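Please keep the sequence and the model in view while reading.

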Amino acid sequence: MSKKILSANFDLPDSHALRVYEETGGYRAIRKILGTPGDEIIEEVKKSGLRGRGGAGFPAGVKWGFVPKDTDQPKYLCVNADEGEPGTFKDRQIMEQNPHMLIEGILICSYAVGIERAYVYVRGEYVFQIQRLAAAIAEAYGSGYLGKNILGSDFNLDVVIHRGAGAYICGEETGLIESLEGKKGQPRAKPPFPAVVGAFGCPTVVNNVETLSSLPFIINEGASAYAAIGTAKSTGTMLFSVSGMVEKPGVYEEAFGVNLVEFIEERAGGVLGGKALKAVIPGGSSAPILTADEARNTVLDYEALAEAGSMLGSGAIIVLSEDVCIVKALQVITRFYSHESCGQCPPCRHGTYWLARIADRIENGRGEPDDIDLLLSICPEMMGRTICVLCDAAAMPTESYVKKFREEFEEHIRLKKCPMDGAPRLLGIE
Ligand SMILES: Cc1cc2nc3c(=O)[nH]c(=O)nc-3n(C[C@H](O)[C@H](O)[C@H](O)COP(=O)(O)O)c2cc1C
């Protein structure tokens with residue numbers, strides 16, 4: 001059964017307007033908490049079980065609890081709206097259809113943690129979404145929801161939009177912070193984590209758009225009401241971006257715990273043209289691939305997907321039908337990672353380059369029999385050896401594609417060409 005928390009307003013006329021948000025109970029949550037100690041709000045968010053929707057699934061309230069309380073430094077919130085993970089297109093939906101829900105989420109987090117300045121780091125390509133968000137921020141300032149003495153209280157908050165310039169690595173939280181500071185978007189070694197030393201050397205919360213947008217519901221309805229949705233450890237709902245070979249690609253909100261293939265069939269209309277399902281990438285291009293059988297036997301939540309050897313990631317479900325060539329899919333994603341590696345760490349700089357080069361030559365009929373094992377030997381050398389996990393994000397899927405669909409790689413090398421030449425490309429990445 002679909003449950004709508006984040007997308008409840010999406011279909012209303014003018015859903016982006018302040019008037020519509022207020023008419024549907026908007027800004028009730030911030031009124032409710034003003035005057036309550038921030039620690040109590042943090043406890044409530046911990047109790048809700050809300051986990052970060054940007055990819056790592058870290059509990060939001062726990063992260064906020066790491067921010068030092070007794071500090072003279074300002075504290076910052078960086079809203080991660082970079083949405084760079086291939087296959088992911090749900091944060092744009094929130095900024096487009098209900099930007100005030102995000103602003104209220106920003107208010108709740110900032111109030112709880114004691115933040116007076118929030119930056120929204122939005123990918124530069126989201127021109128329309130930035131316009132929508134900027135208009136909503138202006139409306140919120142105009143109505144006393146942002147600025148000084150919010151709703152007559154002593155709480156102040158400014159929200160600043162910062163446009164990214166199209167680099168995937170700037171979605172990684174410390175790459176984002178470096179970029180926000182005007183530097184090259186290269187991730188920082190951790191620890192220290194941003195909660196302690198973040199933007200401009202100050203304590204900083206980094207949260208995804210969807211994570212923050214879940215907060216008004218949690219405050220309005222209570223942590224237990226939120227925790228009652230989904231499964232014991234994956235609470236609430238998630239916006240799943242469904243793409244690839246499906247009848248109805250789109251963003252669908254769902255409570256955790258539904259069967260992956262039933263979800264694809266019931267919500268996204270099933271595999272395009274009634275073709276057979278070959279595989280599913282369940283959590284964005286960084287997630288290891290699941291065969292059709294594995295996908296049939298798993299549900300959508302953090303634990304089940306980890307148990308299945310993959311991950312929920314950013315909730316981007318990419319469906320591969322029998323028409324899709326796995327080697328071509330690997331060629332496309334490795335090229336992406338090679339292009340997007342910031343080059344700081346040698347295992348990533350060289351590893352992503354070689355994965356892309358080898359996948360490319362196998363797909364183009366120039367692969368050698370040893371290339372399959374060569375790919376498999378590179379991947380372990382890349383995992384866990386770099387400052388950030390972009391490198392793992394390239395190696396993990398590569399290993400899974402080769403191990404699970406080895407015969408397709410062998411066939412390409414034997415025939416010296418792609419047997420499925422003309423097969424559709426996935427992800428729109430060339
Ligand atoms: C290479 C890379 C790219 C990332 N891109 C994004 C992104 O576009 N949006 C996002 O919210 N998180 C992204 N993340 C995850 C962030 O580093 C971070 O975990 C997240 O913003 C924390 O917010 P959350 O706890 O609310 O999920 C990326 C991570 C890596 C390693």
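## Helix H16

The model described here is predicted. In helix H16, the buried residues are Cys348, Gly351, Thr352, Leu355, Ala356, Ile358, Ala359, Ile362 and Glu363. These buried residues pack against four helices: H15 (326–340), H17 (371–382), H18 (390–404) and H19 (406–415).

Helix H16 covers residues 346–363, a run of 18 residues. From its first C-alpha to its last it reaches 25 Å, close to the 26 Å expected at 1.5 Å a residue. Gly365, which follows H16, has a positive phi, near 80°.

## Overall form

The protein contains 19 helices and nine strands. Its radius of gyration is 22 Å, close to the 22 Å given by the globule rule for 430 residues, so the protein is as compact as a globular protein of that length. The C-alpha trace spans about 75 × 45 × 35 Å along its principal axes.

Of the 430 residues, 54% count as buried. Considering contacts between residues at least 6 apart in sequence, 72% join residues at least 24 apart.

## The nonpolar core

The largest nonpolar core comprises 132 residues. Within this core, the residues with the most contacts are Cys78, Val79, Ile106, Ile108 and Cys109. Helix H6 (residues 99–113) gives the most to the core, contributing ten residues.

Which residues is Cys109 in contact with, once its neighbours within four places in sequence are left aside? They are Trp64, Leu77, Val205, Asn207, Leu212 and Leu215.

## The five-stranded sheet

An open sheet is formed by five strands in the order E6-E5-E9-E7-E8, with mixed pairing. Strand E6 (250–255) and strand E8 (290–291) stand at the edges, and each has a single partner strand, so one side of each is left without a neighbour in the sheet.

Strand E5 (residues 237–244) pairs with strand E9 (residues 316–321) in the parallel sense, over four bridges. Ser243 has Ile318 in E9 as its bridge partner.

## A helix across the sheet

Helix H12 (residues 260–268) lies across E5, E6, strand E7 (277–281) and E9. Relative to E6, the helix runs at about 125°.

Note on methods: Residues numbered from 1 in each chain as written. Predicted model: local features only at pLDDT ≥ 70, side-chain atom pairs only at ≥ 80, totals over all residues. Core = buried A, V, L, I, M, F, W, Y, C linked by C-beta atoms within 7 Å. Buried ≥ 20, exposed ≤ 12 C-beta atoms within 10 Å, placed from the backbone. Helix = DSSP H or I, 4+ residues; strand = E, 2+ residues; numbered from the N terminus. Contact = placed C-beta atoms within 7 Å. Rg over C-alpha atoms; globule rule 2.2 N^0.38 Å. Expected span 1.5 Å × (residues − 1). Pairing = 2+ DSSP bridges. Axes fitted to C-alpha atoms, helices over the stretch in contact; angles between N-to-C directions.
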